[in-house]
Amino acid sequence: FRSRSYGLISAINEENGIIGSCKTNNSDPFWGCYFNTMSFKGNEIPLDNITHKFKIYFSSENHEILFPMSFENNFNNLTENHCEYNISHYSDYQYYVNCDNFFIGTETEEFNLTNENMTITVEIDSLSKYHPDSSKKKYTRIRFEDIDFFVFPLIVFKQFHIEFNKEKELISFYTKN
């Protein structure tokens, strides 16, 4: 294992798969990690704003992916301005981000989250994967909210087994891939 002062640990274990971990803080009421960048189809952007890094929290109780409103321009740069959403439709699927360059020949898109010791691939599903209405093909579960952090549901970590260890204040990601 390699450990640094910021609490990230990464190692390869042939029996258990690849292990990537991040240190949490039990005084924080939610489980989350810091990542440095997000990448998509060869584009990469930092996960910070002018004053601080954004934290990514993990949610097991819903399937929505929440991005801070202050990240919207960065997201547009990342996706080369192929995405939009309708803020006036908060209560229906039109409020979700839809992208004309997503889900071409597939029902998922992959984003990478990277820090000093690990890169984690998350899979974003098309809404049409769960609804028979094909008009929802370009819609994601991503919503922009007036928050200062990200919320990723566990469903986007399809390739990983995730362990939350309160005693060690550690979130660990396991995969054989």
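Visitor: Which strand gives the most to the lining of the largest pocket?

Guide: Strand S7 (residues 55–59), with three residues. A strand here is a DSSP run of E, at least two residues long, numbered from the N terminus. Keep in mind that this is a predicted model, where local features need pLDDT of at least 70, side-chain atom pairs count only at pLDDT 80 or more, and totals for chains, interfaces and linings use all residues. Residues are numbered from 1 along each chain as its sequence is written, and side-chain values use heavy atoms, with hydrogens and water left out.

Visitor: How many residues line that largest pocket, and which lie nearest its centre?

Guide: Rolling a water-sized probe over the atoms shows where empty space is left. In this case 14 residues line the largest pocket, and Phe30, Phe58, Ser59, Glu61 and Val151 lie nearest its centre. The space inside comes to about 260 Å³.

Visitor: What is the order of the strands in the open sheet?

Guide: Four strands run S6-S5-S11-S12, with antiparallel pairing. Strands pair if DSSP finds at least two bridges between them. At the edges sit strand S6 (43–46) and strand S12 (119–125), each pairing on one side only.

Visitor: How many bridges join S5 to S6?

Guide: Four, linking strand S5 (residues 37–40) to its antiparallel partner S6. For one of the pairs, look at threonine 37, whose bridge partner in S6 is proline 46.

Terms used:
On a 1 Å grid over the protein atoms alone, a cavity is a set of points where a 1.4 Å probe fits but cannot get out, and a pocket is an open set with protein on both sides within 12 Å along at least five of seven lines; lining residues have an atom within 4 Å of a point. Grid points are joined across faces, edges and corners, and a volume is the space filled by probe spheres set on the points.
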